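Trainee: I would like to learn how to read side-chain and strand features from a model. Where do we begin?

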Amino acid sequence: VQLQASGGGLVQAGGSLRLSCAASGNIFSINEMGWYRQAPGKQRELVATITSSGSTNYADSVKGRFTISRDNAKNTVYLQMNSLKPEDTAVYYCNAELTRVRFERTMGYWGKGTQVTVSS
């Protein structure tokens, strides 16, 4: 199983970026998908998650600015980031909680991360 994230980059404060993460490989079902981020010198933190039925959860710091969505047919999760702030600067990682075969215990997989830099 591989998770490939894309869409990071450099943007000015107030700008927007859209991240994508596609899961590929031997996948039976994907339960929850999400985005996490890690800024220099800080621990990795949750940004947003979305279940297979579309229920979402956001960190308070991004509520109203970020929107998570997914395309189940493409095993892909997106993160639309608007009104970006310098404090959003971090490496963003996607995560998928999935099973590879029927009746397997759900396991978590991580992508390699994509850098988001917001200049002031």
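**Rings, charges and strands**

Mentor: The structure holds 1 aromatic pair. Rings of Phe, Tyr and Trp (its six-membered ring) pair if their centres lie within 6.5 Å; planes under 30 degrees apart count as stacked, over 60 as edge-to-face and the rest as tilted. This is a predicted model: local features need pLDDT of at least 70, side-chain atom pairs count only at pLDDT 80 or more, and totals for chains, interfaces and linings use all residues. Residues are numbered from 1 along each chain as its sequence is written, and side-chain values use heavy atoms, with hydrogens and water left out.

Trainee: Why is the pair of Y36 and W110 edge-to-face?

Mentor: The ring centres of Y36 and W110 are 5.0 Å apart and the planes stand at 65°, so the pair is edge-to-face. It links distant parts of the chain: Y36 lies in strand β4 (residues 29–38) and W110 in strand β10 (residues 107–110), 74 residues apart. Strands here are DSSP runs (E, at least two residues), numbered from the N terminus.

Trainee: Is Y36 buried or exposed?

Mentor: Buried means under 20% relative accessible area, exposed over 50%, partly exposed in between (1.4 Å probe, protein chains only). Y36 has 18% relative accessibility, so Y36 counts as buried. W110, at 41%, is partly exposed.

Trainee: Which charged end sits over the ring of W110?

Mentor: A charge sits over a ring if NZ of Lys or CZ of Arg is within 6 Å of the ring centre and within 35 degrees of the ring normal. The charged end of R44 does this at W110, 4.6 Å from the ring centre. R18 has its charged end over the ring of Y78, 4.2 Å from the centre.

Trainee: What is the strand order in the open sheet?

Mentor: Two strands pair if DSSP finds at least two bridges between them. Here 4 strands form an open sheet in the order β1-β3-β8-β7, with antiparallel pairing. β1 (2–6) and β7 (66–71) each have a single partner strand, so one side of each is left without a neighbour in the sheet.

Trainee: How many bridges join β7 to β8?

Mentor: 6 bridges join β7 to strand β8 (residues 76–81). I68 stands opposite L79 in β8. Q2 has S24 as its bridge partner in β3.

Trainee: Which side chains of β1 point to one face and are buried?

Mentor: In a regular strand the side chains alternate between the two faces of the sheet. In β1, L3 and A5 point to one face and are buried.
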